[in-house]
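Here is a short briefing on aromatic contacts. Please look over the sequence and model first.

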Amino acid sequence: MKMERILPYAKSLLKKAIQTGDVVVDATLGNGHDTLFLADLVGETGKVFGFDVQEEAIHASNERLSAHAMLERVTLFHEGHEHLSEKIPTNYHGKITGAIFNLGYLPGSDKSIVTQPETTIVAIEQLMKIMAPQGIIVLVIYHGHEKGAVERDSLIQYCQEIDQKTAHVLQYQFINQLNNPPFVVAIEKR
Ligand code: SAM
């Protein structure tokens, strides 16, 4: 297939938004794959802030970053992303150029612990205030699991109503595939 698949597309958007030395956010650490990707993008002079509500995710991310000698440029918070504006020191506010939310549950773990649309929306609103202009928030929406459809509908509705004077919002999705594969919604602050 020549068209870009969903996860590579999410990464392409982040690559466009983020430069060496930037400040970025991984709103859902999970096993730390995205954190590692972001840490590599920002380089030694950059900063990544990561959030997860599960100790297991903090541990897995910590291990992954240590194994790649990238822990120093990352701060991990065992906290919900809905607290990001109070957790990220104010000297970084206004400087964040990219953020990713990989929604749903932690693969291989407790499937009852899933992201919730209410807290995801609170976090997006906080990010919109503390991001730099042209900063991009990427949401990877998994709607195949039990509560995924509810989250998808709430987020789509919320994102469709964002004033176009404040952000550009896009949806990137294959619409003829079985089993509800994930799709991307991206928000670029104006
Ligand atoms: N990006 C991850 C990776 O690269 O492995 C996968 C993330 S996983 C699909 C979703 C994660 O969101 C889970 O680890 C879950 O614990 C976390 N989560 C759920 N609610 C959260 C919240 N309010 N704030 C931050 N993380 C949350």
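This is a predicted model: local features need pLDDT of at least 70, side-chain atom pairs count only at pLDDT 80 or more; totals for chains, interfaces and linings use all residues.

Residues are numbered from 1 along each chain as its sequence is written, and side-chain values use heavy atoms, with hydrogens and water left out.

**Ring pairs**
- The structure holds five aromatic pairs. Rings of Phe, Tyr and Trp (its six-membered ring) pair if their centres lie within 6.5 Å.
- F49 and F77 are stacked (planes under 30 degrees apart), because their planes sit at 15°, with ring centres 6.2 Å apart.
- F49 is in strand 2 (residues 47-51) and F77 in strand 3 (residues 74-77), so this pair ties together parts 28 residues apart in sequence. Strands are DSSP runs (E, at least two residues), and helices likewise (H or I, at least four), numbered from the N terminus.
- F49 and Y92 are edge-to-face (planes over 60 degrees apart), because their planes sit at 70°, with centres 5.1 Å apart.
- Y92 lies in the loop between helix 4 (84-87) and strand 4 (96-102), so its pair with F49 ties together parts 43 residues apart in sequence.
- F49, F51, F77 and Y92 form one aromatic cluster.

**Burial**
- F49 is buried, at 2% relative accessible area. Buried means under 20%, exposed over 50% and partly exposed in between (1.4 Å probe, protein chains only).
- F77 is also buried, at 16%.
- Y92 is partly exposed, at 22%.

**Charge over a ring**
- K11 lies over the face of F37, 5.0 Å from the ring centre. This requires NZ of Lys or CZ of Arg within 6 Å of the ring centre and within 35 degrees of the ring normal.
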